[in-house]
Amino acid sequence: MTATPDLSTPPEIGGIGHSVLRQEDDRLIEGQGDFLDDLVLPGMLHMAIHRSPVAHARIRGIDTDAASAVEGVVAVVTGELMAAHNLAWMPTLSGDTQAVLATDKVRYQGQEVAAVLATDPYIAADAAGLIEVDYEMLPAVTGPQQSLSADAPVIRDEKEGQTDNLVYTWSSGDQAATDAAFAGAAKVVSLETFYPRSHPAPLETCGIVADVNSVTGQATVYLTSQAPHAHRTLFALVAGLPEQKIRIISPDIGGGFGNKVPIYPGYVVATAASLLLGTPVKWIESRSDNLISTGFGRDYHMRGELALDSDGRILALRADVLSDQGAFYSDAQPSNFRAGLFHVVTGSYDFPAAHVTCKGAFTNKAPGGVAYRCSFRITEASYLIERLVQNAAYEIGMDPAEFRLLNFIREDQFPYTTPTGFTYDSGDYHTAMRKAMDEVGYQELRATQATAREEGRLIGIGIAHFTEAVGAGPSRTYDIAGLKMFDSAELRVHPTGKAILKLGVKTQGQGHETTFAQIVASELGIPVTDIKVVHGDTDNTPYGLGTYASRSTPTSGAATSMVSRKLADKARKIAAHLLEAAEADIDLAAGVFSVRGTPDRSVTIQDVAFAAYTNMPEGLEHGLEGSSYYDPPNLTFPYGSYIVVVEVDAETGVWKVDRMVALDDCGVRINPMIVEGQIHGGLTEGFAKSSMQWITFDDDGNCIGSNFMDYLVPTAWETPRFELLETCVPSPHHPIGAKGVGESATVGSPAAYVNAVIDALAHLGVRNIDMPVLPDRVWDAIESAL
Ligand code: CDP
């Protein structure tokens with residue numbers, strides 16, 4: 001990698017570090033967005049899905065006569081028909097198989113059983129309701145503990161060799177070293193906790209418009225996809241269509257948060273129906289369909305143990321996870337890591353030893369476990385370690401902030417290799433946490449808390465200091481379904497100096513059309529407003545693995561820098577030719593090429609771009625364009641220090657947030673305003689998780705949380721005010737020093753909120769309240785402590 005050039009730019013160019021207004025917003029705010037449901041194609045049919053009302057049952061028969069007889073219904077599709085085309089089952093991104101339309105059994109409430117194609121979406125929905133399925137009920141398995149017991153019915157009995165409900169076992173770290181450390185520990189602290197099932201609940205649900213031309217075989221698929229290229233390859237493999245004849249267009253997307261990474265049965269049925277009927281087919285999920293059947297997040301039962309020496313130093317960690325995977329293992333974890341990156345559970349602390357074991361279990365629930373607003377399973381890991389260290393501090397009578405400062409990885413230890421195998425690139429945790437503590441007035445707050453307690457008031461101060469692992473690749477370690485996790489960018493500068501940048505990743509609201517243009521603006525000096533960013537169209541963008549797990553900036557953002565530098569190298573040659581100077585004497589700063597020592601001899605990037613098509617030096621190819629594929633040497637490791645102050649009403653258990661100070665370090669910030677927006681979203685999400693949001697199931701497997709009356713999405717009314725801070729320790733291997741940030745706040749904040757409530761009750765001996773921390777749970781904890 002070449003040395004980092006001077007990337008500073010004036011506001012009119014708007015490169016890295018400027019809070020440039022989002023280039024995409026005028027279009028979106030003025031109703032000119034291009035969302036999937038806006039698309040209407042001639043002759044298009046509408047599809048509705050008939051879903052199972054029960055969680056576990058054998059299918060004795062399906063009666064589609066009444067549905068077929070409805071005027072306007074063109075076809076009714078069942079699993080039997082799909083099976084005739086070898087499409088009743090499909091492979092998942094995690095190497096399992098998933099029923100497209102159920103043939104033998106239904107395995108969760110909301111599972112796809114049949115589909116209706118009609119001329120109108122309402123006719124399709126009404127007809128889907130007329131389908132009668134004869135079910136032979138089977139006992140529902142609604143928890144992973146029950147699922148792994150010897151007498152549990154086998155949910156995946158169609159899988160050859162599957163005699164129980166175990167999905168996987170996986171471990172990381174050094175068991176012997178960990179056992180030895182525990183044997184010699186002065187104190188062992190343990191915590192058993194549950195991160196409940198959550199749903200990404202993007203504003204726009206999932207959908208598809210499939211348009212397969214039966215003559216040419218060209219399949220144009222408009223899809224709410226976070227990973228269009230990977231989805232195209234999997235479509236080619238599943239449907240047997242030649243890949244060059246599949247074009248996936250992912251238009252504007254109203255939020256993804258991991259929910260739009262898996263391939264859903266509706267996509268396969270709609271594409272097959274379009275192929276068979278020779279007409280375009282549209283399928284858009286309802287809100288309840290989305291909440292009840294598509295990729296959920298979390299559902300992790302966790303146990304952690306810390307071994308401490310007599311001075312309060314951490315000696316070792318043991319973590320044991322039981323994951324509820326639902327009926328199909330269909331989340332998209334990297335192939336080598338069955339439980340995602342959960343082994344980042346050692347967090348921000350200097351651990352001599354650690355050992356992590358994970359088990360996944362099938363249950364009669366919708367499949368998922370997606371990288372919901374965080375890299376794979378990192379939120380769960382961060383929650384466990386931050387709850388655990390907080391309790392360890394109480395157990396040895398040390399202040400939780402002091403305990404963390406004592407055990408943090410020190411700045412001089414970076415790059416730091418964790419006992420579970422990550423190499424953290426850079427960080428300064430002590431500075432970050434002290435800055436957050438100063439901002440909140442930590443010492444004074446502790447004094448206020450003590451006085452308040454004497455008056456019977458319960459004030460709590462909760463801390464969470466998290467370290468994330470984002471930006472997957474490197475490709476040697478990370479792949480999904482065999483596809484290596486590099487990413488790409490292609491840049492073309494036209495004769496008038498205007499540019500088109502094409503990305504392998506796909507925005508779902510993160511502002512890539514602005515931030516990625518800012519990278520080019522910094523590297524080449526082309527104003528942001530002169531750069532068009534194209535993404536989400538497989539025919540017109542270079543191959544990439546997509547946007548999720550905060551990977552876009554560390555991968556495709558890096559590729560954008562690299563391709564810009566390739567073009568800068570060529571542009572320097574052209575500038576030397578125009579200025580009749582030696583190439584080695586040409587400097588580039590903010591879009592101006594000048595001869596070193598004589599700055600008045602200069603040409604602009606626009607002059608150079610024109611010359612690339614009109615006045616090239618001999619021996620150089622015409623044009624100013626190129627592409628780069630960036631395979632990062634490591635993940636990046638953003639981190640943050642969050643401090644929450646709450647007051648708990650001991651009579652009612654109601655708690656309210658007084659302060660929320662959030663310090664984030666994501667290295668160099670490309671667009672500080674966009675970064676703050678990302679953090680606000682994550683902090684709100686963390687607040688929702690800790691205070692009000694969960695999905696539960698009754699004993700029969702009925703999903704409670706299948707609408708926004710039961711699954712609460714916070715509004716501005718109840719959301720606390722956030723006070724944001726930052727530090728900046730750049731990533732040493734990223735060309736511009738940026739680390740991902742998209743989901744950091746969701747990773748860090750749930751533990752901070754919960755720790756704050758527990759801190760208010762810690763003197764009573766309360767050590768755990770599971771999320772969401774509802775008033776009755778707080779009240780119960782107080783009751784049982786008294
Ligand atoms: O993969 P995803 O886009 O969700 O996450 P990300 O790469 O962490 O970026 C989220 C948004 O914040 C993008 O628009 C980034 O370009 C921007 N960002 C930034 O401006 N500076 C950073 N250091 C990190 C991200």
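Leaving aside neighbours within four places in sequence, which residues is Ser-52 in contact with? In this predicted model, they are Val-106, Tyr-108, Gln-109, Gly-110, Gln-111, Val-113 and Tyr-135, where contact means heavy atoms within 4.5 Å. Ser-52 sits in the loop between strand E1 (45-51) and strand E2 (57-63). Helices (H or I, at least four residues) and strands (E, at least two) are DSSP runs, numbered from the N terminus. Ser-52 is buried, at a relative accessible area of 2%. Buried means under 20% relative accessible area, exposed over 50%, and partly exposed in between (1.4 Å probe, protein chains only).

The model is predicted, so local features need pLDDT of at least 70 and side-chain atom pairs count only at pLDDT 80 or more, while totals for chains, interfaces and linings use all residues. Residues are numbered from 1 along each chain as its sequence is written, and side-chain values use heavy atoms, with hydrogens and water left out.

The structure contains 52 salt bridges. A salt bridge is a side-chain nitrogen of Lys or Arg within 4 Å of a carboxyl oxygen of Asp or Glu. One of them joins Arg-60 to Asp-134, with the closest N and O atoms 3.5 Å apart. Arg-60 belongs to strand E2 and Asp-134 to strand E8 (residues 132-137), so the pair ties together parts that are 74 residues apart in sequence. Arg-60 is exposed, at 54% relative accessibility. Asp-134 is partly exposed, at 39%.

Arg-156 and Asp-96 also meet in a salt bridge, at 2.8 Å from N to O. Arg-156 lies in the loop between helix H5 (144-147) and strand E9 (166-173), and Asp-96 in the loop between strand E4 (89-91) and strand E5 (97-99). The pair thus links distant parts of the chain, 60 residues apart. Arg-156 is buried, with a relative accessible area of 0%. Asp-96 is buried as well, at 4%. Both residues belong to a network of salt bridges, whose members include Arg-58, Asp-104, Lys-105 and Arg-107.

A further salt bridge pairs Glu-583 with Lys-573, at 3.4 Å from N to O. Glu-583 is in the loop between H15 and strand E26 (586-589) and Lys-573 is in helix H15, so the pair ties together parts that are ten residues apart in sequence. Glu-583 is partly exposed, at 34% relative accessible area. Lys-573 is partly exposed too, at 35%.

On the H15 side, the contact is made by Ala-571, Ile-574, Ala-575 and Leu-578. H16 contributes Ile-605, Asp-607, Val-608, Ala-611 and Ala-612.

The largest nonpolar core has 162 residues. Such a core is a set of buried Ala, Val, Leu, Ile, Met, Phe, Trp, Tyr and Cys residues joined through side-chain atoms within 4.5 Å. Those with the most contacts inside it are Met-82, Leu-306, Phe-342 and Trp-655. Helix H18 (residues 744-761) supplies the largest share, eleven residues. Trp-655 touches residues including Phe-687, Tyr-753 and Val-757. A second, separate core of 41 residues includes Ile-531, Ala-568, Val-595 and Ile-605.
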